[in-house]
Amino acid sequence: KPLAAQFPNAFHDSDLGPIPEGWKQVGLGEVAHCFDSKRVPLSKRQREKRQGPYPYYGAASIMDYVDDYLFDGIYVLMGEDGSVITDAGNPVIQYAWGKFWVNNHAHVLQGKLGVSTEHLMLSLKETNLSPYVTGAVQPKLNQGNMNQIPFVLGGDECLSAFASYIAPPYEKYRANVKAGLTLSALRDTLLPKLLSGELRVKDAEKFVEAEV
């Protein structure tokens with residue numbers, strides 16, 4: 001059944017305007033698992049002593065790499081304080097997967113009730129966060145306000161169809177990022193050896209083919 005066929009052919013009113021018949025407006029807290037209680041902040045000095053392969057995420061970006069991880073899977077990270085909102089009013093969002101650590105400046109979310117984590121992220125990216133952010137000097141999106149952010153929840157069949165539709169591009173994206181990181185690591189390893197004459201170009205090519 002095509003994705004378009006999953007959509008109702010009539011609309012009804014909501015606080016967000018007309019939405020498809022049978023769909024409903026809910027708060028984000030109803031469609032997102034929040035894992036904030038698992039977060040652990042590490043000071044710069046602590047991170048310097050714990051250097052390793054796992055990304056350490058802050059509100060807006062990867063800040064460091066450490067020797068352990070708190071999360072393993074696919075998550076959406078949304079800035080809680082500091083870097084919370086863009087100039088356009090949208091939330092600061094990160095798509096994180098694999099094994100990683102998060103400090104206490106980003107909410108850690110996954111979709112639920114049939115809403116995939118990617119669906120959750122795409123919806124949040126288009127949301128105006130301004131009414132839910134507090135603090136003039138230090139912007140903050142507390143968990144209570146975050147849970148009130150409106151989300152349009154479709155029918156089960158449509159949610160399932162949409163999740164299946166967007167899964168392959170994100171799988172490809174994750175694979176491409178992994179391949180890019182592998183190639184960057186190989187470059188950093190092989191380039192000094194090539195420049196010093198320790199390794200020949202043909203040998204380097206064979207090594208890359210074996211690794212990639």
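**Close-ups of a predicted model**

**View 1. What surrounds the largest pocket.** Strand S5 (51-57), strand S6 (62-66), strand S8 (93-102) and helix H5 (156-196) each give at least two residues to the lining of the largest pocket. Helices (H or I, at least four residues) and strands (E, at least two) are DSSP runs, numbered from the N terminus. This is a predicted model, in which local features need pLDDT of at least 70, side-chain atom pairs count only at pLDDT 80 or more, and totals for chains, interfaces and linings use all residues. Residues are numbered from 1 along each chain as its sequence is written, and side-chain values use heavy atoms, with hydrogens and water left out.

**View 2. Inside the largest pocket.** A pocket is an open set of points on a 1 Å grid over the protein atoms alone, where a 1.4 Å probe fits, with protein on both sides within 12 Å along at least five of seven lines; lining residues have an atom within 4 Å of a point. The largest pocket holds about 450 Å³ of space. It has 16 lining residues, and Pro55, Tyr65, Trp97, Val177 and Leu181 are the closest to its centre. H5 is the top contributor here, with six residues. Sorted by class, the lining has eleven nonpolar, two polar and three charged residues. For these classes, Ala, Val, Leu, Ile, Met, Phe, Trp, Tyr, Cys and Pro count as nonpolar, Asp, Glu, Lys and Arg as charged, and the others, Gly among them, as polar.

**View 3. The second largest pocket.** Here the space comes to about 180 Å³. Among the residues lining this second largest pocket are Leu16, His119, Phe151 and Phe162. Helix H3 (117-125) and strand S10 (150-153) are the elements that supply two or more lining residues. Six residues of this lining are nonpolar, three are polar and one is charged.

View 4. Look for His107 in strand S9 (residues 106-111). His107 is buried, with a relative accessible area of 0%; buried means under 20% relative accessible area (1.4 Å probe, protein chains only). Its side chain meets that of Asp36 in a polar contact of 2.6 Å. A polar contact is a pair of N or O atoms within 3.5 Å; within protein, one must be able to donate a hydrogen and the other to accept it, and residues adjacent in sequence count only if both atoms are side-chain atoms. Leaving aside residues up to four places away in sequence, His107 also touches others, including Arg39, Met78, Glu80 and Met146 (contact means heavy atoms within 4.5 Å).

Note on methods
Points joined across faces, edges and corners; volume = space filled by probe spheres on them. Buried < 20%, exposed > 50% of the residue type's maximum accessible area, 1.4 Å probe, protein only.
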